[in-house]
Amino acid sequence: MSTLQTLDRGIRALEVVAARSSGISVADLSAEIGVARAIGYRLVSTLEEHRLLTRDVDGKVYLGASIPALASQYWPGLLSLATPVLQDLADKTNATAFMSVAEGDEAVAVLSLDPAAASVLRVGYRVGSRHPLTLAAAGIAILAARAPSEADLPEVVEARRQGYVITRGQLQAGAVGVAAPLRLSGTVRGGPEASIGVVALQDFDSESASDPVLEAARKISATQ
């Protein structure tokens, strides 16, 4: 598969900057994407013109104002409708609530919300993080919404039967995930395969969290 090198570098630059909430210098960005500093400056300047990147007075690079505008057009309405439901789910379970979508053979987190109440320890689930669909609650829940197949893993079959899935330690030692699939129609007909759920540490009461997760999934699905 052929790619456009300059476009590929620009996208990689955006991904690197997105992972650095405290900003990154053009020199460090250039090193990370493997280009000469002069090319890095040209890339940043071009992306700045489109407001995809911005620089502060110290020269550190951050994501620009066009990023949220683009993100708002990702299955319009879905994220805005899901946000208050997931925030309520996070508050009820005192765990990080998330939405993930299928992209190829991976699950990608597109929304992550922490409970409003302070918590001593919390498992982070960063927007943009990805993992195989066959690992962790988010991916298995997505697979469970698909038509049955002889190749289905046992945990996918079980998740399809009970409507949700609980996984432990598959992505991070000590982490527990509970997820259920979304069944989207209406305004996002033909939209993404998606799941929602919560993730917390191993002393988390995962069975008690299954009902709030299922209810949140029903609420989001019903609004579409």
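Visitor: Where does V57 lie, and why is V57 called exposed?
Guide: In this predicted model, V57 is placed in the loop between β1 (53-55) and β2 (61-63). Its relative accessibility is 85%, and the word exposed applies over 50%, so V57 counts as exposed. Between V57 and D88 there are 31 residues in sequence, and their C-alpha atoms are 38 Å apart in space.

Visitor: Why is L89 called buried, and in which helix is L89 found?
Guide: L89 belongs to helix α5, which covers residues 78-93. The value for L89 is 2% relative accessibility, and because buried means under 20%, L89 counts as buried. Once residues up to four places away in sequence are set aside, L89 touches A97, I196, G197, V198, P212, V213 and A216.

Visitor: How far apart are L89 and A209 in sequence and in space?
Guide: The two are 120 residues apart in sequence, while the C-alpha to C-alpha distance between L89 and A209 is 9.0 Å. For the protein as a whole, among contacts with a separation of 6 or more, 55% are accounted for by residues 24 or more positions apart.

Visitor: How do you know whether A180 is buried or exposed?
Guide: A180 has 1% relative accessibility, which is to be set against the limit of under 20% for buried, and therefore A180 counts as buried. The residue is in strand β7 (residues 175-181), and, not counting residues up to four places away in sequence, A180 touches A141, G163, Y164, S195, I196, V213, L214 and A217. A180 and A144 lie 36 residues apart in sequence and 8.7 Å apart in space, taken from C-alpha to C-alpha.

Visitor: What makes helix α6 largely enclosed by the rest of the structure?
Guide: Helix α6 spans residues 136-144, and nine of its nine residues are buried, so the helix is described as largely enclosed by the rest of the structure. The buried residues of α6 are A136, A137, A138, G139, I140, A141, I142, L143 and A144.

Visitor: What value does phi take at A136, and why is A136 called buried?
Guide: Phi of A136, a residue of helix α6, is near 70°, a positive value in a residue other than glycine. Its relative accessible area of 7% falls under 20%, so A136 is buried.

Visitor: What makes H131 a buried residue, and which residues is H131 in contact with?
Guide: H131 sits in strand β5 (residues 130-132), and its 4% relative accessibility is under 20%, so H131 counts as buried. Leaving aside neighbours within four places in sequence, H131 is in contact with D105, E106, A107, Y125, A136, A138, G139 and L171, where contact means heavy atoms within 4.5 Å.

Visitor: Why is S210 counted as buried?
Guide: At 5% relative accessibility S210 is under the 20% limit, and therefore S210 counts as buried. S210 lies in helix α8 (residues 206-222), and apart from residues up to four places away in sequence, S210 touches Y164 and V178.

Visitor: How much space lies in the largest pocket, and which residues are closest to its centre?
Guide: About 990 Å³ of space lies in the largest pocket. Of the 22 residues that line the largest pocket, E15, A18, I67, V127 and G128 are the closest to its centre. At least two residues of this lining are supplied by each of α1 (5-18), α4 (66-71), β3 (96-103) and β4 (106-113).

Visitor: How many helices and strands are there, and what share of the residues counts as buried?
Guide: The protein has eight helices and eight strands, and 42% of its 224 residues count as buried. The protein exposes about 12100 Å², of which carbon and sulfur atoms supply 54%.

Technical notes:
Residues numbered from 1 in each chain as written. Predicted model: local features only at pLDDT ≥ 70, side-chain atom pairs only at ≥ 80, totals over all residues. Heavy atoms only, no water. Helix = DSSP H or I, 4+ residues; strand = E, 2+ residues; numbered from the N terminus. Buried < 20%, exposed > 50% of the residue type's maximum accessible area, 1.4 Å probe, protein only. Areas by Shrake-Rupley, 256 points an atom, 1.4 Å probe, with all protein chains shown as cover. 1 Å grid on protein atoms, 1.4 Å probe; cavity = no way out; pocket = protein on both sides within 12 Å on 5 of 7 lines; lining within 4 Å. Points joined across faces, edges and corners; volume = space filled by probe spheres on them.
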